[in-house]
Amino acid sequence: MKLIQYFVLIVGLFIFSVFAFYASLRLYRESLSPEEIAPKTGRWIQSNDVNIYIQEMGDPKNPAVVLIHGMGSWSELWRETMIALSQNGYYAIAIDLPPFGFSERPKPTELKSIQQGKRIVSVIDALGLQNVHLLGHSFGGGATLHTALLIPKRILSLQLVDIAVNLEEKIDSTPSEPNLFETFWNFSLLRNRLLEVTATNPHLTKFLFSQFVHSSDCITEEKVKVIQLPMRIKGTTSFLGDWLGEFIFHSDDLLAKDTKQYGKNLTMPIDLIWGDLDTVTPLADAKKINSILTNSRLHTIQGVGHIPQLESPENFNKVLLKNLKDVDSR
């Protein structure tokens, strides 16, 4: 019996030591401010509540394209697309959508899509842009659609890339009672240790991002370094944990509550750009969204998964530029 007790004690001490080790690494990793490490190619713009980090490319007198990234990403991962846009007569503005990238972080409870949409509108206003094309990817799709619903007459087109949104009305929106997992998640000491060895562990960045693409070859070491850069900001793991708790347990998808607003307000040209091998938001999701947004067109890019702009940038940019030119030539 004592042998079992000793074994349990040793295992417990080992697990504690591993967590303590990664905690110390996290404190070392997350030790800088956004101002210290954000690329000098960008700047901060005051939105309605927080400072938003943006990167720009191209002549501001040209038609504007505002790019909204997905979960775990930030503006720099739009680099190839921004280059293509600027070389083809567009003014590209990539926004760091909180809690990712170098934008100021609001309270975790203030990161719902409708609030993100208001921030994007504030940035568009601050830049003095009257009309813009909106390009949103994955998790950023909700914020992109909310932006369009807030200022529909100012949106030249919507370019929606493998977006993760729910456009169907919910049958039951009654809040559920906190479950065991949520209780654990609220215990930040253990939760943060878990995130330190997984989500914010730099040794797993390539593996985690590779789960979103069909071929991991596009997740190069250079791209890994880009993804990791904002993770060095002080308090990243703790804030990510607080936000994930809100996102997982208290998300309120306002887009799913009034389907009538789509046909009424989203009358601008809408293009859905989708990887045909996407397993995160499968092609079936794209077809469903296409049927709901009746003025939309679906374009598939062959042989790629959830992040076509990284997996096949040449094909993605070709489709995107044609879509934009089609609109601008009307």
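Trainee: Why is Phe181 called partly exposed?

Mentor: Its relative accessible area is 43%, and the label covers values between buried (under 20%) and exposed (over 50%), with a 1.4 Å probe and protein chains only. So 43% makes Phe181 partly exposed. By the way, this is a predicted model, where local features need pLDDT of at least 70, side-chain atom pairs count only at pLDDT 80 or more, and totals for chains, interfaces and linings use all residues. Residues are numbered from 1 along each chain as its sequence is written, and side-chain values use heavy atoms, leaving out hydrogens and water.

Trainee: And what makes Ser210 buried?

Mentor: Ser210 has a relative accessible area of 15%, and buried means under 20%, so Ser210 gets that label.

Trainee: Which residues does Ser210 touch, leaving aside those up to four places away in sequence?

Mentor: Ser216 and Ile219; contact means heavy atoms within 4.5 Å.

Trainee: Where do Phe181 and Ser210 sit?

Mentor: Phe181 is in helix H6, residues 180–185, and Ser210 is in helix H8, residues 205–210. Helices here are DSSP runs (H or I, at least four residues), and strands are too (E, at least two), numbered from the N terminus. The protein has 14 helices and eight strands.

Trainee: How is a pair of packed helices described?

Mentor: By the angle between their axes and the distance between the axes. For H4 (residues 113–126) and H5 (residues 141–150), the axes come within 7 Å and cross at roughly 60°. Axes are lines fitted to C-alpha atoms, for helices over the stretch in contact, and angles run from 0 to 180 degrees between N-to-C directions.
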